[in-house]
Amino acid sequence: MSKILYQLSDVSKSYEGPVENLQILDRVTLEIREGETLAIVGASGSGKSTLLHILGTLDTPSSGKVLCRDLELGRLGEQEKAAFRNREIGFVFQFHHLLPEFNTVENVAMQAIIGGTDRKKAQQMADEALELVGLQERRLHAVTTLSGGERQRAAIARAMLGRPGVLLADEPTGNLDEKTGRQITDLLLSLNEKLGTTLVIVTHNPEIAQKMQRCLELKDGVLHERKTG
């Protein structure tokens, strides 16, 4: 059996409202293993994205403990969290967030260049990532000329630039038609299969959730296991 990658213990998240606190997550306990594929489902506002952001250190719990590779994420400073994200995690969102003034390979390489990687090396890494997602032939095209599916592939290539161990995807097919959405889902699953990348995906789509090894539902801040397959 693969090693435990994430271990969440009694993780809660609440926000202070004008009248009362809003409880988003309520004592969530969860283990995620290396190389696993996991869907998180639930109604809008159920806390799915909040949980994903906590896994990616983009948000912090109000209480509880989050371990990743035995590292307690809540004890990290902001610079340490940024270094952790750059090293361990790739993010894919519903919107691709590509910069229109740069071409495809420049968009994919940008993160590495900003992080201090030599430009030539960063573009080499970007080319390898684009080949991984089947977009190498579009490397010099303006991103404004890419289709919606191609833009999302470029965003996935950017997320996979440093070969992170974890890919966190928040509604990655939400802006795509049904056929293209299936292609993007299959691509994410192929990265898991080829590279052993742990995949955690937030989705409203039951078809996507069924393709994952595990499915968890958030309801009233509480996490429930659902059957897949």
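These questions and answers go through a predicted model, from its confidence to its sheets, helices and single residues.

Reader: Which element has the lowest mean pLDDT?
Author: The model is predicted, and the protein averages a pLDDT of 92. Of the residues, 99% score at least 70. Strand 8 (residues 198-202) has the highest mean of the elements, 97. The lowest mean, 86, belongs to strand 10 (residues 222-226).

Reader: What is the strand order in the open sheet of six strands?
Author: The pairing in this sheet is mixed. Strand 6 (89-92) and strand 10 each have a single partner strand, so one side of each is left without a neighbour in the sheet. Neighbouring strands are turned by 20° against each other on average, direction ignored. The order is 6-7-8-3-9-10.

Reader: Which residue stands opposite Ala-39 in strand 8?
Author: Strand 3 (residues 37-42) and strand 8 run parallel. Four bridges join them. Opposite Ala-39 stands Ile-201.

Reader: Which residues of strand 6 are buried on each side?
Author: In a regular strand the side chains alternate between the two faces of the sheet. Both faces of strand 6 are covered.

Reader: What is the bridge partner of Gly-90 in strand 7?
Author: Strand 6 and strand 7 run parallel. Four bridges join them. The partner of Gly-90 is Leu-167.

Reader: Which are the edge strands of the open sheet of four strands?
Author: The order in this sheet is 2-1-4-5, with antiparallel pairing. An edge strand here pairs on one side only. That picks out strand 2 (21-33) and strand 5 (71-72).

Reader: Which residue of strand 4 does Ser-9 stand opposite?
Author: Strand 1 (residues 4-16) pairs with strand 4 (residues 63-68) in the antiparallel sense, over five bridges. Helix 1 (residues 48-55) lies across strand 1, strand 2 and strand 4, at about 125° to strand 1. Ser-9 faces Lys-65.

Reader: Which residue caps the N-terminal end of helix 3?
Author: Helix 3 spans residues 104-114, and its buried residues are Thr-104, Val-105, Asn-107, Val-108, Ala-109 and Ala-112. Their cover includes helix 4 (119-132) and helix 5 (148-159). At the N-terminal end, a side-chain oxygen lies 3.3 Å from the backbone nitrogen of Val-105. That oxygen belongs to Asn-103.

Reader: Is Glu-36 buried or exposed?
Author: Glu-36 sits in the loop between strand 2 and strand 3. Its side chain reaches the backbone nitrogen of Arg-33 at 2.9 Å. Beyond its neighbours within four places in sequence, its contacts include Glu-31, Asn-192 and Gln-213. The relative accessibility is 8%, under the 20% cut-off, so Glu-36 is buried.

Reader: What is the phi of Arg-27?
Author: Most residues other than glycine have a negative phi. Arg-27, in strand 2, is not a glycine, yet its phi is positive. Arg-27 is exposed, at 57% relative accessibility. Its phi is about 50°.

Reader: What is the phi of Asp-220?
Author: Asp-220 lies in the loop between strand 9 and strand 10. At 69% relative accessibility, Asp-220 is exposed. It is not a glycine, but its phi is positive, at about 55°.

Reader: How far apart are the C-alpha atoms of Ser-147 and Leu-176?
Author: Ser-147 lies in the loop between helix 4 and helix 5. It is partly exposed, with a relative accessible area of 37%. Leu-176 is 29 residues apart from Ser-147 along the chain. Their C-alpha atoms are separated by 9.9 Å.

Reader: How many disulfides are there?
Author: A disulfide is a covalent bond between the sulfur atoms of two cysteines. Cys-68 is buried, at 1% relative accessible area. Cys-215 is buried too, at 2%. With a cut-off of 2.5 Å between sulfur atoms, the count of disulfides is zero.

Technical notes
Residues numbered from 1 in each chain as written. Predicted model: local features only at pLDDT ≥ 70, side-chain atom pairs only at ≥ 80, totals over all residues. Heavy atoms only, no water. Buried < 20%, exposed > 50% of the residue type's maximum accessible area, 1.4 Å probe, protein only. Helix = DSSP H or I, 4+ residues; strand = E, 2+ residues; numbered from the N terminus. Contact = heavy atoms within 4.5 Å. Polar contact = N/O pair within 3.5 Å; in protein donor to acceptor, adjacent residues only side chain to side chain. Pairing = 2+ DSSP bridges. Axes fitted to C-alpha atoms, helices over the stretch in contact; angles between N-to-C directions. pLDDT = per-residue confidence, 0-100.
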